[in-house]
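User: Please take a close look at the aromatic rings, and describe their pairing and their surroundings in one connected account.

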Amino acid sequence: MWGKPHADDLSRCENYEDFIEKLNLVIKKMFFSLRSGGALALLVGDIRQKGEFHSIANDVMTMGTMKSWIVKAQFGCSSSGQSYHSRHPFIPIVTEHLLLFQKEDVFQIPYSFRRGGIFCLRTQDSKALTWFHLICAVMEESGGILSLSQLYEELKEHPKSAKNKHYKERIRATIYEHRNIFLTNHKGLYRLSYM
C-alpha cells in the first residue's frame, strides 16, 4: 500500500534509538527555520515496545528556551481496551506531552539532550556512591550472604578502597551503623535483611 518506505520515514525506524536520532534531526531543522522569537511546539507520547517503556518527551533534544511542558490526557489508546495478566502490574500510557520551545537568539541556541550510559559500581566511584550502597551491591550480587573477609576481598580493588587505607575498618563501621540491614548469625557471616 505504501510502496517502498523512505529511509527517513520516522514510522519505519528499525528501533527506538534510530527513531530518537532522526526525530532530533527533525527538531533541529524545524527550530533552525524559526524566526527570532518564534516558538516550536512538539506533541509527543510515551510508548511501550516489546515490554520496554520509552518516554519520548524525556529523550528528545530540547532547543532554545523551554516555555512550557503541558501534560494532557490521551484518549482512545490501544492499551485501554486490553486486559493484562501478569505478576507485575501494568501501568497504561494515558498521557501525551506538549513541549513548547522559544527561539530567543538567531545564532546562540541553547540545547540539551539525554545522555545515557552505564555506571559500573564495581569499578567506578562517585560522590553519590556510599560504602552502604557498595556493600549492599556486592552482597546482592553474591546472593545476600558474605563474611567480612569475603567483603574485604571483593572491595579491596575498588577505587573507594584505594582512597581509604582503612577501608576494612570503614566496611565494619558501615555494617555496624546499619545493623537493621546487615544481619549477623554471630559466626562471621552477614546477611542482607531484605533478601
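Analyst: A residue is called buried when its relative accessible area is under 20%, exposed when it is over 50%, and partly exposed in between (1.4 Å probe, protein chains only). This is a predicted model, in which local features need pLDDT of at least 70 and side-chain atom pairs count only at pLDDT 80 or more, while totals for chains, interfaces and linings use all residues. Residues are numbered from 1 along each chain as its sequence is written, and side-chain values use heavy atoms, without hydrogens or water.

Rings of Phe, Tyr and Trp (its six-membered ring) are paired when their centres lie within 6.5 Å, and planes under 30 degrees apart are stacked, over 60 edge-to-face, and the rest tilted. By that rule the model has three aromatic pairs. One of them joins Tyr111 and Phe113, whose ring centres are 6.1 Å apart and whose planes meet at 10°, so this pair is stacked. Of its two members, Tyr111 counts as exposed because its relative accessibility is 54%, whereas Phe113, with a relative accessible area of 47%, is partly exposed.

Another pair is formed by Phe132 and Phe182, with ring centres 5.8 Å apart and planes at 70°, so the arrangement is edge-to-face. This pair links distant parts of the chain, since Phe132 belongs to helix H3 (residues 131–141) and Phe182 to strand E8 (residues 182–184), 50 residues apart; helices (H or I, at least four residues) and strands (E, at least two) are DSSP runs numbered from the N terminus. Phe132 is partly exposed, at 23% relative accessibility, while Phe182 is buried, with a relative accessible area of 2%.

A charged side chain also meets a ring: Arg179 lies over the face of Tyr176, at 4.1 Å from the ring centre. Such an arrangement is counted when NZ of Lys or CZ of Arg is within 6 Å of the ring centre and within 35 degrees of the ring normal.
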